[in-house]
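Come along if you like.

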Amino acid sequence: MILSLPTGCADNSSLLGTLAPVCPPNPSSSHLQPSIPMQRKISQVSPSQPPSESFVSRITSRVQSINDALPSELILLVFDLIYAERTDPPSFPYTKSEVVERQNRHALLDVMLVCKGWRELVETSPRYWAMINVLPLPNTFPITPGHDVAEHRRMMLEAQLRRSGSVPIQVNIDMDSVMKFSEIADLLEAEGRRWRIINLLASNRRTNDPTRLSRLAQLFTRPFPCLKSLHMGNVCLADDKGHSVAMVVQVDAPALHAVSCHSHLVLPLSNDCLRYLSVTRINLDKMQLHLDRSRLEFGQLVELRISRCNPGALLAAFSTPNLVKLIVDSKYSDYTPPESLNQYPNLKELQWDDMGPDPTFSMLLPRCPNLTRFADYIVGREDDVSLDEIDDPPSVLAAVTEALSEVGNERTLWPHLEEIL
């Protein structure tokens, strides 16, 4: 179908109202040739003389608006495709800047500016208002007399939840700036069954009123049947005595697909759907885990990222038999290695930031027989590599030499290796 776009329209709505399907002509079709009476009518219209009003009205009466030609359900399906493409998270774990950018500009803003009909379709469809943000208010935000910032934020959250109807929601909370977290938690807790994505964004900023451990833990006590993705940032938590603490969260989310946690460990009660896990600054020894060993068995995990913590302790504690991709950015190489490591028969890609000889890295290499891709830095973060400080040869060379001495046969070590970055 080809849409004819007339020129000289006064506004977008008039442009949309004159969109009409036009079929391309086929010279071989005789019925498309103008009849003799029609030719006479056309010849009566002089190029120097504008068409009469009755002639124009007869022509335009046959032109349909696209809103009349297509049902609302079909237009919404097109909007769904646009919305899904523009709201697909650009990265995981999420960053505060990405969330703020999405809040400042709605994904379907351009669509809403086309015409009044499209704007009404978007504004009355809860699925396009499923992103719930609890973020800092702009400095220019008008505060109603008699209400403080926390009260305004609570009222805005209530309005967002009402507008989202009953569809699954994505919740983004800036934990560094939130005030009266208990009130915010009460509103969100009541909508827990609708959580699809939860992002607790934080940089461990110490506030006058740090989030209480007990209240945050209470927020995750209810089941989340449709939760797919959870990010726990570096939230500043305090116990009842005001001491900073790290917490272990066990979430009843059977559909949980991706978890990212910083300083606080998040574990699903069921690991059947978990495919992605990212851990940053996690110290298992200090957390004194009192968990069933099965809680650390991630049988379906495909990708594991370890940042700024002891990789050997985590690799020894986690059971990941189907792991395909492992990324380690520990920032140090002098961690105490584990007593033993499991085999990784399905590991295809390994990225290990080279910070010098690492005994855990040397232990891991021989246990990855089907490795196809290796990098001694984090792919995508090449700018972070300080070339001026590199004096020694890559640590992988010594690790490979050690691994070859163990297996005794060079051809049996990584026979499928295709790329070294």
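Before anything on bridge partners, I wrote down the rule I rely on: two strands pair if DSSP finds at least two bridges between them. I also noted that the model is a predicted one.

**Entry 1: confidence and overall make-up.** I began with the confidence of the model. The chain has an average pLDDT of 75, and 69% of the residues score at least 70. Next I looked up the secondary structure and found 15 helices and 17 strands. Of the 421 residues, 38% count as buried. I also checked the contacts with a separation of 6 or more: 65% of them come from residues 24 or more positions apart.

**Entry 2: the sheet.** In what order do the eleven strands of the open sheet come? I read it off as β3-β4-β5-β7-β10-β12-β13-β14-β15-β16-β17, with parallel pairing. The edge strands are β3 (131-134) and β17 (419-420), each of which pairs on one side only.

**Entry 3: strand β12.** I then turned to β12 (residues 276-280). Is this strand enclosed or open? Five of its five residues are buried, so β12 is largely enclosed by the rest of the structure. I sorted the residues by face: Tyr-276, Ser-278 and Thr-280 lie on one side, with Leu-277 and Val-279 on the other. For its neighbours, I found β10 (residues 258-262) joined to β12 by five bridges, running parallel. β13 (residues 303-307) also pairs with β12 in the parallel sense, over five bridges. I followed Leu-277 across the sheet: it is the bridge partner of Val-259, and it stands opposite Leu-304 in β13.

**Entry 4: strand β15.** β14 (residues 325-329) pairs with β15 in the parallel sense over four bridges. Within that pairing I noted Lys-325 opposite Glu-349, and Val-328 with Trp-352 as its bridge partner. With β16 (residues 373-375), β15 pairs in the parallel sense over three bridges. There I picked out Gln-351, whose bridge partner in β16 is Ala-375.

**Entry 5: helices α9 and α10.** At what angle do α9 (residues 149-163) and α10 (residues 181-189) pack? I have about 10°, with the axes 10 Å apart. That makes α9 roughly parallel to α10, because angles under 35 degrees count as such. On the α9 side I listed Arg-153, Arg-154, Leu-157, Glu-158 and Leu-161; they meet Glu-183, Ile-184, Leu-187 and Leu-188 in α10. By type, the residues of this contact divide into five nonpolar, no polar and four charged. I also looked at how α9 sits on the sheet: it lies across β3 and β4 (169-174), running at about 175° to β3.

**Entry 6: a loop residue.** My last stop was Thr-221, in the loop between α11 (213-219) and β7 (229-234). Is Thr-221 buried or exposed? At 57% relative accessibility, Thr-221 counts as exposed, because the cut-off is over 50%. I then checked its C-alpha atom against that of Val-251, 30 residues apart along the chain, and the separation is 7.2 Å.

Methods. Residues are numbered from 1 along each chain as its sequence is written. This is a predicted model: local features need pLDDT of at least 70, side-chain atom pairs count only at pLDDT 80 or more; totals for chains, interfaces and linings use all residues. Side-chain values use heavy atoms; hydrogens and water are left out. pLDDT is the predictor's confidence in each residue, from 0 to 100. Axes are lines fitted to C-alpha atoms, for helices over the stretch in contact, and angles run from 0 to 180 degrees between N-to-C directions. Helices (H or I, at least four residues) and strands (E, at least two) are DSSP runs, numbered from the N terminus. Angles under 35 degrees count as roughly parallel, over 145 as roughly antiparallel, 65 to 115 as roughly perpendicular and the rest as oblique. Contact means heavy atoms within 4.5 Å. Ala, Val, Leu, Ile, Met, Phe, Trp, Tyr, Cys and Pro count as nonpolar, Asp, Glu, Lys and Arg as charged, and the others, Gly among them, as polar. Buried means under 20% relative accessible area, exposed over 50%, partly exposed in between (1.4 Å probe, protein chains only).
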